[in-house]
Amino acid sequence: MTNLMRLQLELNNQPYLEESDLCYLLEENGLDHQGDYTQSNRLKLLYTVLSVFQILTNDIDLYRQIETEFTTTGEAIQAINKRIVQIKAKIGQIEAENESATSPISYLFRGRC
């Protein structure tokens with residue numbers, strides 16, 4: 001699976017942006033759109049997903065054209081903001097795991113309950 005395919009999967013295959021725009025965002029976050037997706041790319045991919053949703057907050061009408069269950073603009077904005085918070089939480093969790101795995105301080109507390 002390529003990075004682009006994984007990004008589209010993360011976006012639930014919704015056509016929020018053109019494929020060329022998604023490729024640009026992947027490259028902006030250090031990923032080759034044709035490169036193979038690996039778990040080590042997860043953090044960069046999530047930053048790309050975050051970028052997509054931040055772009056959608058600037059064009060809420062585009063989001064509402066694709067996601068039609070929202071009756072008001074306010075509901076759509078709340079949904080996007082909720083998704084952004086979820087993505088940031090995932091990013092924070094991955095960064096914390098990466099930091100604790102490489103931090104010498106983490107070894108002080110290993111094995112203690």
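Tutor: Begin with accessibility: buried means under 20% relative accessible area, exposed over 50%, and partly exposed in between (1.4 Å probe, protein chains only). K90 counts as partly exposed because its relative accessibility is 31%. This is a predicted model, where local features need pLDDT of at least 70, side-chain atom pairs count only at pLDDT 80 or more, and totals for chains, interfaces and linings use all residues. Residues are numbered from 1 along each chain as its sequence is written, and side-chain values use heavy atoms, with hydrogens and water left out.

Student: Why does E10 count as buried?

Tutor: E10 counts as buried because its relative accessibility is 13%. R83 is likewise counted as buried, at 19%.

Student: How many salt bridges does a search of the whole structure find?

Tutor: Side chains of opposite charge can pair when their charged atoms come close. A salt bridge here is a side-chain nitrogen of Lys or Arg within 4 Å of a carboxyl oxygen of Asp or Glu. The search of the whole structure finds four.

Student: Which residue forms a salt bridge with R83?

Tutor: The partner is E10, with the closest N and O atoms 3.6 Å apart. R83 lies in helix α5 (residues 73-102) and E10 in helix α1, so the pair ties together parts 73 residues apart in sequence. Helices are DSSP runs of H or I, at least four residues, numbered from the N terminus.

Student: What else pairs with E10?

Tutor: R6 does, at 3.1 Å between the closest N and O atoms, and K90 does, at 3.8 Å. A network of salt bridges links R6, E10, R42, R83 and K90.

Terms used
Helix = DSSP H or I, 4+ residues; strand = E, 2+ residues; numbered from the N terminus.
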